[in-house]
Amino acid sequence: MKEFLKTLGLTEDNDGSSTGQQGMHNPDQHLESHSPVDGALIGRVSVTTPEQYAQIVGAATAAFADWRMVPAPQRGEIVRQYGQALRENKDALGRLVSYEMGKSLQEGWGEVQEMIDICDFAVGLSRQLYGFTMHSERVLHRMYEQYHPLGIVGIISAFNFPVAVWSWNAMLALVCGDVVIWKPSEKAPLCGVACQKIWAQVAANNKLSEGICSLINGDYTVGELMTKDGRVPLVSATGSTRMGKIVAQTVAGRLGKTLLELGGNNAIIITPSADMDLVLTGALFGAVGTCGQRCTSTRRLIIHESRYEEVRDKLAAAYGQLSIGDPLDEGNHVGPLIDTDSVNTYLKAIEGIKAEGGTMVVDGGRIDGLGSDCYVKPCIAEVATDSAMAQQETFAPILYLMKYSTLEEAIAIQNSVPQGLSSAIMTTNMRESERFLSAMGSDCGIANVNIGTSGAEIGGAFGGEKETGGGRESGSDSWKAYMRRQTNTINYSTELPLAQGITFDL
Ligand code: NAD
């Protein structure tokens, strides 16, 4: 067994359900986690039964009764300790992310660093859960609003950020006074178990009640236990648009709240004045980083006709320099896709591009002999601006090149897809960048100037419009999604004046 697995307390068989300190095993059903890096079985994780889920919700409900009354800065202190525990486990957890998901080791460590950063952010936030005060229209009255915790927050996460997305949600929810139940992706379940074990240690050190942070595991049917459960007032779900539409309808059916972080189809507009060094770095990392499996991956380059050949040829040359292989070897730039289903989706997309008349500038295909059947070549295709393939998010390293002549046209192409997550413009012309950022510019939740579409700092609100789902997580005032707002009016007079001057004489 690999050393980093032992460091994280993982074994061949792991409890997939936990209320905090207490693990629960299901002897009958397991998820098997195979590494896309070398195909090896990393370990098994037991699937949560409906009975275990009932126990977990019971523990969470009981824990909430106490946790909501712990002063927010004291909740922040627990999150601070979790951040410290993550610092101590950063190397091992980063290696697990890389080995179980397939992203480069640098990106695996980077993901754990994001968790640490959101802990720091949440600690500060725990003293800043501010509401407004308002002036009452009535004499000797005072009005203000305050935020209270919601209750149980259900977190459903995708495979591509197997630890960070949970922490973006959980750390904010915890300082807000909520309790959380997490269902990680069935494609990376050991990452969830590892995070839960680190939590269990912090919880035990502080003698916290069971149920503040719980884990459940399994496929979508286990996720449905939460989406259908009226005791879970907020479901935060990260994943495909297909999943988001189902989750949104199920939770709306019981008038619960959702926070949805779904697919992206992100573009960079490259203008005549663009700085080519920035273009190449931004586009290359955006398109091939995490093997094209980031929600913010760059999928489309919308290039001004005067720079088109230059960008195409330089990028094609840069693709020729990429080294693809074991992501734990820091000499490699690109690791594998998550599984062979993803490889097949990628191969089908390339067929689709060719069938609709697209031209491969850098051809794709499976790469054999690299340790598993999940390695593919990052590729580049020239397509028409109305390409049907380029409307879809194929979760793989396929980059589409398109030509434009006016900025209005470029923005229209950028906005023409159903998704609205991340976007960027490469320009040194202030009029162009301001137009791109204005109300007539990008329609995405994230719009950048002179950096790529990929990745984001935790300080800003993260999320997107249209089929990306409309949710916002992480920084800025995203915390408000995890709380309920209450308006309070206090009368300290001896009269009871009615609002709007209404009189009601008895
Ligand atoms: P997926 O939709 O297949 O699965 C995501 C999670 O949803 C898994 O835990 C899965 O078990 C669960 N799930 C699926 N159907 C469900 C249902 N009906 N009820 C309850 N739970 C259900 O996505 P994936 O392949 O793991 O991840 C890739 C997708 O995630 C891409 O589209 C990517 O863009 C998106 N993503 C978005 C963001 C963002 O912040 N916008 C971040 C990461 C990934």
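Two strands count as paired if DSSP finds at least two bridges between them. Strands (E, at least two residues) and helices (H or I, at least four) are DSSP runs, numbered from the N terminus. What you see here is a predicted model: local features need pLDDT of at least 70, side-chain atom pairs count only at pLDDT 80 or more, and totals for chains, interfaces and linings use all residues. Residue numbers start from 1 along each chain as its sequence is written.

**View 1. Strands S6, S7 and S24 in an open sheet.** The order is S6-S7-S24, and the pairing is antiparallel. Strand S7 (residues 141-149) meets S24 over 9 bridges. To find your place, look for arginine 142, whose bridge partner in S24 is isoleucine 490. S6 (133-134) and S24 (483-491) are the edge strands with a single partner each, so one side of each has no neighbour in the sheet.

**View 2. Helix H6 lying across S1, S4 and S5.** These three strands form an open sheet in the order S1-S5-S4, with mixed pairing. Here the edges are S1 (13-14) and S4 (30-34), each with a single partner strand, so one side of each is left without a neighbour in the sheet. S1 and S5 (residues 41-46) run parallel and are joined by 2 bridges; asparagine 14 stands opposite valine 45 in S5. Helix H6 (residues 189-205) runs at about 65° to S5. Axes are lines fitted to C-alpha atoms, for helices over the stretch in contact, and angles run from 0 to 180 degrees between N-to-C directions. Residues are in contact if their C-beta atoms, placed from the backbone, lie within 7 Å.

**View 3. Helices H3 and H4 packed together.** The axes of H3 (residues 72-101) and H4 (residues 105-125) are 8 Å apart, at an angle of about 175°. The two helices are therefore roughly antiparallel (angles over 145 degrees; under 35 is roughly parallel, 65 to 115 roughly perpendicular and the rest oblique). Their contact has 13 nonpolar, 5 polar and 6 charged residues. Nonpolar means Ala, Val, Leu, Ile, Met, Phe, Trp, Tyr, Cys and Pro; charged means Asp, Glu, Lys and Arg; the others, Gly among them, are polar.

**View 4. The crossing of helices H9 and H10.** The axes of H9 (residues 276-288) and H10 (residues 308-320) come within 11 Å and cross at roughly 50°, which makes H9 oblique to H10. On the H9 side, the contact is made by Met276, Val279, Leu280, Ala283 and Leu284, and on the H10 side by Val311, Lys314, Leu315 and Ala318. By class, that is 8 nonpolar, no polar and 1 charged residues.

Conventions:
Two residues are in contact if their C-beta atoms, placed from the backbone, lie within 7 Å.
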